[in-house]
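Dear colleague,

I am handing over the structure below, and my notes on it follow directly after.

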Amino acid sequence: MGIQYISGAVRKDISFSGSPLFSINYFGGGMMGHLIFVTGGVRSGKSAFAEQYAQQLAATNDSRSLTYIASGVAFDAEMQARIARHQADREASEAIWHTLEIPDVLEEELFVFGNAEVVLWDCLTTWLGNVIYKTSSDNKQAHAISHYIKSFKQYIEKWKEQDISILLVSNEVLDEPASQYEETELYKQLLGELHQWIVAQCDEAYEIDHRLSKRWK
């Protein structure tokens, strides 16, 4: 399908695995960021969806700049394999990715990206888990976690003021049964609240299940 003009916006249809499942709308009148939220269960295909979407966004924007924010830490064999698989997927693509390793602390360099840059963060569940683990020995853990989340929200708000596209990937874990462990329940509560805040801020929200996407916003 070709470009369509809708109420002053330029619309381009984008395909996932060969099927036109979603579209991007570009509105004139200022340079603002475009925030996209992608969630789904483990092995749902959400990372593949987000990576393909990011590459197609870059092609649409005539941008050669793709940044991948990685929060995974190779603390066991399973995580090592997962990280290696994601690295191989990016290396096999035609896109050129610049990777930032951000396990927990958000670095100052993240405040500035180039015009029309596409940024993919995969994934927020890992980042939040790292934050909880890092602050677990803190006598004021709740305050410490709150500081990290506040910083995260400030970055998102700052990025939305720039001429960039941001894709945030997260896991859907809130359907899991209640845990006997207090830390696990804290994690689920914080993640649920963070997801709600992100969806309120984002321009598009997708849920992926078995490589099928559903657009909620």
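Leaving aside its neighbours within four places in sequence, which residues is L168 in contact with? With contact meaning heavy atoms within 4.5 Å, they are L35, I36, F37, V38, W121, L124, F152, I156 and I198.

Please bear in mind that this is a predicted model, in which local features need pLDDT of at least 70 and side-chain atom pairs count only at pLDDT 80 or more, while totals for chains, interfaces and linings use all residues. Residues are numbered from 1 along each chain as its sequence is written, and side-chain values use heavy atoms, with hydrogens and water left out.

L168 is also among the residues with the most contacts inside the largest nonpolar core, which has 33 residues; such a core is a set of buried Ala, Val, Leu, Ile, Met, Phe, Trp, Tyr and Cys residues joined through side-chain atoms within 4.5 Å, buried being under 20% relative accessible area with a 1.4 Å probe, protein chains only. Helix 4 gives the most to this core, with seven residues (helices are DSSP runs of H or I, at least four residues, and strands are runs of E, at least two, numbered from the N terminus).

Seven strands form an open sheet of mixed pairing, in the order 6-5-7-8-4-9-10, where two strands pair if DSSP finds at least two bridges between them. Strand 6 (97-101) and strand 10 (212-215) stand at the edges with a single partner strand each, so one side of each is left without a neighbour in the sheet. Strand 5 (residues 66-70) pairs with strand 7 in the parallel sense over five bridges, and Y68 has L120 of strand 7 as its bridge partner.

Best regards

Conventions:
Buried < 20%, exposed > 50% of the residue type's maximum accessible area, 1.4 Å probe, protein only.
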